[in-house]
Amino acid sequence: MKTGQGILVGALCGAGLIAMAGSAALSSVGTDAGLPAVLRVGAPDEPPARFAAAVGVQARQIDFRKEIVPILKQQCYSCHNDDKSRGGLSLASRETLLAGGNSGSAVVPGNSGESLLMRLVRGDDPKRAMPYERPRLPDAQIELLRAWIDQGLAWDVPLPDVDAASQYELALRKVEPPAEPALTNPIDQLLAAYWRTANREPGAPVPDALFARRVYLDVVGLLPTPDELAEFERDVRAEKRAELIRRLLADRERYAEHWMSYWNDLLRNDYAGAGYIDGGRKQISQWLYAALYENMPYDRFVAGLVAPEGDGAAGFTGGIVWRGVVNASQTPPMQAAQNVSQVFLGLNLKCASCHDSFINDWKLADAYGLASVFADGPLEMHRCDQSTGQTATVKFLFPQLGAIDAAAPRAARQARLAELLTHTDNGRFSRTIVNRLWARFFGRGLIEPPDEMDRPAWSADLLDYLASDLVRHGYDLKHTMELMLASRAYQMPAVDGGELTADDFVFHGPIVRRMTGEQFVDAVRQVTGNWPSKPNVRIATLGAAAANPAGAWIWNDETAGASAPGGTPLYFRRAFSLPAAPQDAIAVVTCDNEFTLYVNGSKAATGRDHYAPQRVDLRGHLGVGENVIAVQALNFAVTGPDGKPSTAANPAGLYVLIRAWVEDSEAAIEVASDASWRWSSSAADGWNGTGFDAAAWQPAAVIGPANTAPWMLGERIAEAAYDPASPPRIRAVFQIADPLTTALGRPGRDQVVTVRPTAATTLQALELTNGRTLDAMLVAGAARLRGEPARAAAEVVKEAYGLALGREPTDAESQIGTEMVGSPATAEGIADLLWALVMLPEFQLIE
C-alpha cells in the first residue's frame, strides 16, 4: 500500500503527519502546506496581554503564610536553603534573607525599589534573572513580593517549619457571577470581566459542523456520522446546540465507553500487563463501566474506590504487588496513598514517599500517615529505603478536616478516609475534578498542570464557582460537563497551544487538541466500517434486552442445569416456516458439552466450547416455507486422566437462537430453543430434515433463560446474535493495547497517567506510515468502499470525505482523489486515499 501514489498522497495530506505533534506544531505547518484555511490555527498575531499587577495589593496587609510562603517554597527554596545556599543566600528565615549573599544585601525592608531581589525576579538583567533557568514569575506574584517588602518584610514562621496542609485554603469561596447583558451561562458571565481585564474580545462561535464534531469527540469519543451532521446543520433552532449536548450526555453506553479510557488512565486499570499474570493486580473494569453508565455521583464514585465494598473496585487501592524486592516507597499501601492524593487531590506524594519532598512542602510523615490507612498493621517509616525506627501516625493529609482512628480495622479506616476526602468542606476535592474536566474540554486546566493544585488558577473565581456548583448539584459530573460545553467559551474558535505552560497564560479559547489513540482508532473504524467482532475485555452491558436474548436452555430434564447423565447423545429438532427466502440468516448455538447443527438435513456446524456461543451463517440453508433446525447434543464431563471425556453426571444444556431477515420485514424473525422443541434419545432416518414425523418425540424441558446459571451466557449470546446489517462496534477501549494505540500514547497503566503526552515521536511516524494495524483497517475499508462491481471513483471519494471529514471534497480534492482511486476504482487506490485522509490535521485534531 501507499506505493506509486506518493505525489498524490503528498498533495492531499500536505504536512498532515505534523498533526500528530499536537496543536503546538501547527504554527510550523505554514500556509504553503496545501491545507484548508481552517487548519491553519495559530495564536493571534499580537502577543498575549499580561495582566496588570494585582489590583489593590498595596492597600491591604500581605499574608506571609498564605501568599508569600507558596512563592518562596515553589520558586526559590529548593536552591536557597540552609543545606544548599546558592550564591550564599538562604531563605530559611528572615534573618538569613536579611544577611544577604555573595552579591550583598538581597532586600531592604520597606523599600522594594532598592531591593536586589526585586530586580532579579523582574529580570531587569536577563543574565541574572531569577528563578534561574526557569520561567519568569507571574506579574501577580512579583507584585505580592514587592508589597511584602514595602510593608516591612513580615515573617512569622521559619520557612522549613511551614506544613503543607496549613498553606492550602480548603474552603470554597462563594462566587456570584456578575450580571452580563445577553449572557446566561455563569462561565461566560465570569469570563466577561476576565476578558475586559485582559483586554481581549471573545471569538465568535465556531460553525455548526465544527461544533458538532468537537462535542461528539469530547462527550462520546466518536465522529458524527454524515447523516447526524447533516440533520444538525439543517436544524435552525437557537437551542439546537444545547439539545445536542444533552442528547450526547444522555447516551449512556457511548458516554461510558469513551470516558472509560480516561478513567482507566487515572485509576491505573487495564486488562493485561504488570501484575495480572500472577494475581498481583485486579481489574475494576466492570465496576468502572457501571459507575460511568449510571453516572454515579462523583463523591460516591470516589468513596467506592477508596473504601470499596466487595471486590468490584478493590483493585484501585490494592495497587500492584510487584515481583521481587521493591523499594519501601512502592509497597501497595504507599501506592494507594500516592494514587489517591494524585488523582483526587491533584497532589504529588511520590517524592515525600521516600523523604521530605524537595518539590513541595509534603513530608515523609505525611505520606506514611496516609499510607497507614491502607496497611494491615503499623507502618515503619523508611527514608530513602532505610529504616528510621519510627512508626507512622495514621492521618489524612488535611487533618483540620478530622482524625482517623488508628485502632480501627482497615476497612473502617478507609471508610473514614472516604468521608474526609469527599467532605463538602474539602474544596480541594471538588476543585481538582472540575479542573480536570476543564483541561479535558479546553486543552489546559484552570490550574496547569492539573496534578499541581497548589499552583494559582488563572481564574480563581471560575474555579471556585465550578467547584461549588458541582457540590450544590450533588457531585453530578454530567451537570458540570453540560455547563462547560454549553458555554460560549467552549464554542469559541480553537487556538494554538504554545502558551500551554506559560505562567502568564491568558485564556482566549479552547486549545487545539489531538485525538487520543483510542479516538483515532475508533474514528478510522468509523470511516472504514472495519470493527472487531469480539472484545478483549468483557463488560456486561447494562441493558436488559442485551443480557437476556430470546429463548432458553433446554434438555430432556429441567434439572439438567445442575446435573445430567453423560455419554449418550440426545436429538432435538424444531420446524418453522418463513414467508420468503431470507436475505440474511444466522444461528447462535452453544451446548454443554458438544453439538452438531443440521439445517433442513444438511450439516451446518459443530462445536464443543459451551462458553463461546458459535455464530453460524445460514444464508443458503433456509428457504421459503417449512424449515427444520436439528441438533445432536452430547453431554460429558471434563477430560479424565486418560485424556478421554468422562461419562460422569454433570450440568447439561442446549441453547439455539435463529434470526432471519426477510424483505419488507421490520424486524428479524426469531426461532429460539424453548418448550416447543422436541427431543428423542434415538435418531431415525431423516430425523434432521423436513417431512419427518416427530409426533412420538417428547417436548423439551426448559432449564432457564439464556443468562441462567451455571452458564450465564446472555451477554455473549447477544454479542454473537447481531444483525449483519448492524455489526457490533467493539471500540478500542475494550481492546488490549496494540502497536498503533501504544504509539499514539495509550499508556501501560502500571502508573497513574492524568495527561497523555502530545509531542510527536518517531515511533508514531513509523507506525502511521508502515504499521500493520492501520494498514489492515484501511485495506478492509477499501474493499468495502469499492463494492462489487466497483463503484465510480467520484462516488467513492465523496463518501470517504463525508465519513472522514464530515464534508464534501473541494473540486481540487475531488480531482486528486479520483486520480488516486483509479478508474475503475481499485482497492489499493482507495486504501491510499483513506490513508491520506486520516493523516490530515483536519481529521486528527479536535479543533
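Visitor: In helix H10 (residues 240-250), which residues are buried, and what covers them?

Guide: In this predicted model, the buried residues of helix H10 are Lys 240, Arg 241, Leu 244, Ile 245, Leu 248 and Leu 249. An α-helix has 3.6 residues a turn, so residues three or four places apart point the same way. The cover over the buried residues of H10 includes helix H8 (208-219), helix H9 (226-234), helix H11 (252-267) and H20.

Visitor: Where does Arg 749 lie, and what is its relative accessible area?

Guide: Arg 749 is placed in the loop between helix H24 (739-743) and helix H25 (762-770), and although Arg 749 is not a glycine, its phi is positive at about 65°. Arg 749 is also buried, with a relative accessible area of 1%.

Visitor: How do the axes of helix H26 (residues 772-786) and helix H29 (residues 827-839) cross, and what is the handedness of the crossing?

Guide: Two packed helices are described by the angle between their axes and the distance between the axes. For H26 and H29 the axes come within 8 Å and cross at roughly 120°, which makes H26 oblique to H29. On the H26 side the contact includes Leu 774, Leu 778 and Gly 781, and on the H29 side it includes Ile 830, Leu 834 and Trp 835. As for handedness, the crossing of H26 and H29 is right-handed.

Visitor: How are H12 and H13 oriented to each other?

Guide: The axes of helix H12 (residues 285-293) and helix H13 (residues 298-306) come within 11 Å and cross at roughly 170°. The residues that meet are Trp 287, Leu 288 and Ala 291 in H12 and Phe 301, Gly 304 and Leu 305 in H13. Angles over 145 degrees count as roughly antiparallel, and H12 and H13 are therefore roughly antiparallel.

Visitor: Why does the pair of Trp 458 and Phe 507 count as stacked, and how many residues apart in sequence are the parts that it ties together?

Guide: The structure holds 38 aromatic pairs, and in this one the ring centres of Trp 458 and Phe 507 are 5.2 Å apart with their planes at 5°, so the pair is stacked. Both residues are buried, Trp 458 at 12% relative accessibility and Phe 507 with a relative accessible area of 2%. Trp 458 belongs to the loop between helix H18 (427-442) and helix H19 (460-472), while Phe 507 belongs to the loop between helix H20 (477-485) and strand S3 (513-514), so the parts tied together are 49 residues apart in sequence.

Visitor: Which aromatic residue has Arg 444 over its face?

Guide: Arg 444 lies at 4.0 Å from the ring centre of the residue in question. A further case is Arg 214, which lies over the face of Tyr 490 at 5.5 Å from the ring centre. For Arg 444, the residue is Phe 505.

Note on methods: Residues numbered from 1 in each chain as written. Predicted model: local features only at pLDDT ≥ 70, side-chain atom pairs only at ≥ 80, totals over all residues. Heavy atoms only, no water. Phe/Tyr/Trp six-rings, centres within 6.5 Å; stacked < 30°, edge-to-face > 60°. Helix = DSSP H or I, 4+ residues; strand = E, 2+ residues; numbered from the N terminus. Buried < 20%, exposed > 50% of the residue type's maximum accessible area, 1.4 Å probe, protein only. Lys NZ or Arg CZ within 6 Å of the ring centre and 35° of its normal. Axes fitted to C-alpha atoms, helices over the stretch in contact; angles between N-to-C directions. Parallel < 35°, antiparallel > 145°, perpendicular 65-115°, else oblique. Left-handed = near helix turned anticlockwise from the far one by under 90°. Contact = heavy atoms within 4.5 Å.
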